[in-house]
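Please look at the sequence and the 3D structure below. The text after them goes through the parts step by step.

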Amino acid sequence: MTTMTPPTGTGPLARREARLAWGLLFPTIAAVALVVILPLLAIFWISFKPVGLADLRPPEMVVRADIRGDAEAVGDEITVRYRIRNSNQDKTISGVTLTQAWPAGLDPQEVDERCEISGGFIRCDFGDVEGGFRDQIRIPSIVGQDFLDSGGDLSGEPEVTGEADNILTNSEFTLENFAKVFDSDEFWGVLGVTLFYTIFGTIGALVFGLFAALLLNKSFRGQGILRGLYLFPYVAPVIAVAFAWILLFDPFSGSANALLIQMGVTESSIDFFGQRPLALIMVTIFEIWRYFPLSFLFILARMQSIDTDMYEAADMDGASPFQIFWSLSMPQLLGILSVLFLLRFIWTFNKFDDIFLLTGGNAGTRTLTVNVYEQAFAIGNIGAGAAVAVVIFCCLLIFSFFFFRYGNQEDGL
Amino acid sequence: MSALRFGYITGPLLGALWMFILATTISVGMSLVTGDPFKPYLWLSFFWGALLGYGAVQFPNARTVASGSVAVAFILLGFAGFAPIEVGETTSTFSSAFSWILLGTISAYTTYVIMFDCAVGALTRHEFEAAVIRFLTGLGYIFFTAIVLIPFFVMVMTSLKNQSELIQNPLDFSLDLSKGSDLFRSYIELFTDFNFGIYLWNSFYISVLTVFITLLFAVPGAYAVARLRFNGRAAFSRSILLIYMVPMIVLALPIYIGFSMAGLRNSILGIVMIYPVTTIPVALYMLQGYFRGLPAEVEEAGLMDGLSRLKVIWKITLPLSLPAMASVSLYVFMIAWNEFLLAFMLLDDPSKFTLTRGIASLNSSEIPRQHLMAGSVVATVPIMALFLGLERFMTKGLTAGSVKG
């Protein structure tokens, strides 16, 4: 008699369920792989490439064909002209050929040595063409009756072939991008600015979020309105509020300056977004202003799920309001606060739009993310931008390690 | 701290601080609304506030009398030059008197509220802290309301004025109502000369498409992660979050290169392809949290009765999760509507701009500021209206799916 054992391995039902699960997940995985994983791999690839903004447009041959002279009667002499050039000033294009249908009834008098006309086609072979190359091919011809009958013009566009060495796909690698990123004195400044912005932005948003949540953690008339109102900074488009801030703190026509001068706080107007280190403080304040609603929302939700019996018991035992807050509420909120801290820390670290819109990374506010844009698009060195992006990604991996190590899944977001 | 716990110290102390806070608030408010100079007077605020605070603990039953008499007193003091709010020479008599009455009434009333139940003599720790908390609560309401409202106030008012008026007096946000519809000139110009109608429409349908595509991908995915058992479920659940943490600017660079090569740059198709991918992870995460909270028994009953899994999702899970769907849709719509970076990098052709990209194009020295602000208002108002209308869903959905009690 065999002993009964619980079934091991996966049965057909479980396999079917897993198949269905993967089927349901497949579209998401495919889309995410295409737009997240692939670009991430690409950015690693590019970061080892000496590539600039101008290299993105691959070099190609540009050809224009036209006819010089009037073809009005049989026997007129006209010239077929091909103007050909390499669109790129530096890169060589190899194996360049040109092909076009040769119009019937047009009798070529003298054919350029690079070209031949046969079987109703003209074929030209230019071999390897250097950067900045430009040339003309002129073929004087006599007009025949067939040519006049068919409209007296060339038919279709000339076809050009040729292969250029594409910097993105060839096997040329360099460590120069990383060397450039790490060698510059700027890098450590940028890293410092990023850390300041991230740490104070995160803590500030949490503290203000906690304070706002405490304010609204009681029911009174108008509580709903205030809650909606306090979410405004988070909901409004960043570009709208960023420009409103710029206008509000403008050194010449800003209301904030006018107000401060009127109140006698300052003598002359302050350039809030234009001088170190005030600009960095201002963008950090903006970050706090914009994201305190998010922490407020989560903290409030957690507060409202705390059992009120406990508070009543503490009240009966004579605990004062501050004691209740410190000893009862805070321990319960620590979970959500730590998760929020980790998440906000990562998101603030990743933030680009806010600083880009407020200062453009000037006046000592250039963070790593703004540096990616600066290197890649302002300076036009895509490779260096990608190298900075890789640095960001590595920091991110470290952070997410901490997140999954210490972010409690039960309490998790 | 215990040295402070006497009514005759706590009262004047909180009263003094509170008076200064109120005087500052009302001065700022009046300055912004009328454009005339108002300014809080630090030492006079402290003096009158302390007196009021002492009165509130000494005569705790005189709240109504105090409100009236302080208002009258502040008017008289104001004309004599001793009120906590100082006015300039150009300030009109009416608005000065108004600010003093306002300050007198509010300060007296609220000081009594703060010092509620506090005696002149020794206070228990409980009473003392309750008074401090009421003080901080008042401060909190004023502070948060002010910092949230002022930027939006400036945005709206600037859009209704013109540049020369603003440079002349940056504080003057009073509106000249006699101008009538001319007040909205910058809005009219935006829609006639700057194609904002097209941008609005582009933003709208791109956002709606993004919502649909996101749900199409995220609902099955979220269901699979929440309900079905398969190897790698936990890892998958975590990697969703991990993907949500990849910064957009890191992806934007290769996407820009890829789109440039594929000819998708500068096309709405490209934008519609890329936006959902940025929102699918968060939508999936929110939805799976909600699906987990639904009772599995209902679905099992459906399965027993012969429905297939897909039918169960369609006929049972989806109708049950309509509130979550609403909040996820709203959130995704908000992300797509507010998205700036990708639109800025990928769109160059003015006929394909979204609103955020359109506003960015207004940011030049040749275009007056009120157009920029009018554009900002045009972009802000729809999302605000939508959000305020559906705020309940939004707050619930954002938090309920994720935070477990």
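This is a predicted model: local features need pLDDT of at least 70, side-chain atom pairs count only at pLDDT 80 or more; totals for chains, interfaces and linings use all residues.

Begin with the open sheet in chain A. Four strands build this sheet, in the order β1-β2-β7-β4, and their pairing is antiparallel. The strands β1 (61-68) and β4 (106-108) of chain A stand at the edges; each has a single partner strand, so one side of each is left without a neighbour in the sheet. On average, neighbouring strands of this sheet are turned by 30° against each other, direction ignored. As a general point, strands of a sheet pair through backbone hydrogen bonds, either parallel or antiparallel.

The sheet can be read one pair at a time. In chain A, β1 pairs with β2 (residues 77-86) in the antiparallel sense over 8 bridges.

Strand β3 (residues 93-101) and strand β6 (residues 121-129) of chain A run antiparallel and are joined by 7 bridges. Within this pair, A:Thr99 has A:Arg123 in β6(A) as its bridge partner. Strand β6(A) also pairs in the antiparallel sense with β5 (residues 115-118) of chain A, over 4 bridges. There, A:Cys115 has A:Cys124 in β6(A) as its bridge partner. The hairpin of β5(A) and β6(A) has 2 residues between the strands, and A:Gly119 in this hairpin takes a positive phi near 60°.

Side chains make links as well. Side chains of opposite charge can pair when their charged atoms come close. How many salt bridges does a search of the whole structure find? Over all chains, the search finds 15 salt bridges. One salt bridge joins A:Arg114 and A:Asp135, whose closest N and O atoms are 2.9 Å apart. A:Arg114 lies in the loop between β4 and β5 of chain A, while A:Asp135 lies in strand β7 of chain A, so the pair ties together parts that are 21 residues apart in sequence.

Now turn to the helices of chain A. Helix α5 (residues 223-230) and helix α9 (residues 278-304) of chain A pack at an angle of about 140°, and their axes are 9 Å apart. From α5(A), the residues A:Gln223, A:Arg227 and A:Tyr230 meet A:Phe292, A:Pro293, A:Phe296, A:Leu300 and A:Gln304 in α9(A). The residues of this contact divide into 5 nonpolar, 2 polar and 1 charged.

Another helix, α7 (residues 238-248) of chain A, holds A:Ile246. Which residues does A:Ile246 touch, not counting residues up to four places away in sequence? On that count, A:Ile246 touches A:Phe273, A:Leu357 and A:Leu358. A:Ile246 and A:Leu357 are 111 residues apart in sequence, yet their C-alpha atoms are 9.0 Å apart in space.

Two loops of chain A show backbone details. In the loop between α8 (255-263) and α9 of chain A is A:Pro277. The peptide bond from A:Arg276 to A:Pro277 is cis, with omega near -10°. The loop between α12 (353-358) and α13 (368-378) of chain A contains A:Ala363. A:Ala363 is a residue other than glycine, and its phi has a positive value, near 55°.

The last part is the interface. Chain B and chain A bury about 9,200 Å² between them, 78% of it on carbon and sulfur atoms. The contact takes 103 residues from chain A and 102 residues from chain B. Across this interface there are 12 residue pairs in polar contact and 3 salt bridges. A:Asp250 forms a salt bridge with B:Arg369, with the closest N and O atoms 3.3 Å apart. On the side of chain B that touches chain A, the largest share comes from helix α5 (residues 125-159) of chain B, with 22 residues. The residues of that side of chain B divide into 73 nonpolar, 18 polar and 11 charged.

Note on methods:
Residues are numbered from 1 along each chain as its sequence is written. Chains are lettered from A and ligands numbered from 1 in the order in which they are written. Side-chain values use heavy atoms; hydrogens and water are left out. Two strands pair if DSSP finds at least two bridges between them. Axes are lines fitted to C-alpha atoms, for helices over the stretch in contact, and angles run from 0 to 180 degrees between N-to-C directions. Contact means heavy atoms within 4.5 Å. Buried area is the accessible area (1.4 Å probe) that two parts lose on being put together, summed over both. A salt bridge is a side-chain nitrogen of Lys or Arg within 4 Å of a carboxyl oxygen of Asp or Glu. A polar contact is a pair of N or O atoms within 3.5 Å; within protein, one must be able to donate a hydrogen and the other to accept it, and residues adjacent in sequence count only if both atoms are side-chain atoms. Ala, Val, Leu, Ile, Met, Phe, Trp, Tyr, Cys and Pro count as nonpolar, Asp, Glu, Lys and Arg as charged, and the others, Gly among them, as polar.
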